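Please look over the chain shown here before reading on. The notes that follow take up its sheet, its packing and its domains in turn.

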Amino acid sequence: MKKALITGITGQDGSYLAELLLEKGYEVHGIIRRSSSFNTGRIDHLYKDSHINGVKLFLHYGDLADGSNLARLIEKIKPDEIYNLGAQSHVRVSFDVPEYTGDVVGLGTIRILDAIKEAGIKTKFYQASSSELYGKVQEVPQKETTPFYPRSPYAVAKLYSYWITVNYRESYDMFACNGILFNHESPRRGETFVTKKITRGLARIVTGKDDCLYLGNIDARRDWGYAKDYVEGMWLMLQQKSPGDYVLATGEMHSVREFIEECTKLLSIDLQWKGKGEKEVGIDKKTKKEIIKIDPRYFRPAEVEQLLGDPTKAKKLLKWKPKTTFKQLVKLMMEADLENEGVK
């Protein structure tokens, strides 16, 4: 039986990856941080008491900032595959906590890679790289050979992780891959991320719990896919004969504004935009209420205006392709948040 170790198992991607690996018969180990409140909501449906026979999911306390802990876990578990998905993953917040972001997102990766090297085990390593590496894009669409131009502390930390993964692969003959994943969403997305913020916010507005949704740059354009499709791509990277780096993306780009409009269509809201810049508002034509407003606090100090991925390499070598369209993704998320707010 194959064993996998996942950092960030309690996150969106980690929970979907854990499901996938368990379905494939893996024994799955996840690293979770100690918290005074429960933080395992996304994987509670998978977890069983370790005293029960046949359990295949095991959770361990740890932190990407604690190298000795990571080294002990890797030596003890001896995983066949390691997926490093853990991070301080909010781009805007990385400007507020840049040092912490650099420590966890950047140095966390070298702690794992060095632990693998020192343990002397033959494990395959997946590093969760990000389309934020491209930042101020140098070409459209972005592919594996496109130059990076990170525009946030988060992206700069991911840049270090990307290159240290390549460096350890080349220096120590390690099976180490970078997955450069473009934006991928789901009903399990964290509530401070813009897509979830929109679907949850609008669900609360239509149920009368909130009056208005406040957003930042609604003209930013992104390549949005479904997280469940993307974790399959992560797994496929580690099933190849040799390691490599791959872009996972849909090859389609949509603005935050389009995402909002697709949601309001599903809710039968006739949305009208008025004003410009920070004064722009979205009005429900039926009620005449301003339900969308711009709050400059949500602007990034250095904005990334557009990201569009070219997944040709992954399609050709991994035989991977996204299965969920933009409209299907929005519908999935909108329906989930309506249900969360009591609409059946």
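Two strands are said to pair if DSSP finds at least two bridges between them, and helices (H or I, at least four residues) and strands (E, at least two) are DSSP runs numbered from the N terminus. With those terms in hand, G282 stands opposite I292 in β15. The model is predicted, so that local features need pLDDT of at least 70 and side-chain atom pairs count only at pLDDT 80 or more, while totals for chains, interfaces and linings use all residues. Residues are numbered from 1 along each chain as its sequence is written, and side-chain values use heavy atoms, with hydrogens and water left out.

**The four-stranded sheet**

- An open sheet of four strands is ordered β8-β15-β14-β13, and its pairing is mixed; β8 (213-215) and β13 (271-274) are the edge strands, each pairing on one side only.
- Direction ignored, neighbouring strands of this sheet are turned by 25 degrees against each other on average, where axes are lines fitted to C-alpha atoms (for helices over the stretch in contact) and angles otherwise run from 0 to 180 degrees between N-to-C directions.
- Strands β14 (residues 281-284) and β15 (residues 289-294) pair in the antiparallel sense over four bridges.
- β13 and β14 also run antiparallel and are joined by four bridges, with I283 in β14 as the bridge partner of Q272.
- The hairpin formed by β13 and β14 has six residues between the strands, and G275 in the turn has a positive phi of about 85 degrees.

**Helices on the sheet**

- Helix α6 (residues 194-206) lies across β8 and β15, running at about 160 degrees to β8.
- Helix α8 packs on the sheet as well, touching β8, β13 and β15, and its direction makes about 145 degrees with that of β13.
- T264 lies in α8 (residues 256-266) and counts as buried because its relative accessibility is 2%, buried meaning under 20% relative accessible area, exposed over 50% and partly exposed in between (1.4 Å probe, protein chains only).
- Leaving aside neighbours within four places in sequence, T264 is in contact (heavy atoms within 4.5 Å) with L202, I269 and L271.

**Nonpolar cores**

- A nonpolar core is a set of buried Ala, Val, Leu, Ile, Met, Phe, Trp, Tyr and Cys residues joined through side-chain atoms within 4.5 Å; in the largest one, of 60 residues, I6, L17, L21, Y83, Y126, I198 and L202 touch the most other members.
- Helix α7 (residues 227-237) gives the most to this core, with seven residues.
- Domain 1 and domain 2 both give residues to this core, so it lies between them.
- With neighbours within four places in sequence left aside, the contacts of L202 include L213, I260, C263, T264, I291 and M334.
- A second, separate core has 20 residues, among them I110, L113, Y168 and M174.

**Domains and their contact**

- The protein chain is divided into domain 1 (3-187 + 225-253 + 306-324) and domain 2 (194-218 + 256-303 + 335-341), with bounds that come from an automatic or database domain assignment.
- The C-alpha centres of domain 1 and domain 2 lie 31 Å apart, and the contact takes eight residues from domain 1 and eleven residues from domain 2.
- About 780 Å² is buried between the two domains, of which carbon and sulfur atoms give 50%; buried area is the accessible area (1.4 Å probe) that two parts lose on being put together, summed over both.
- R92, R151 and P187 supply 54% of the area that domain 1 buries against domain 2, more than any other three residues.
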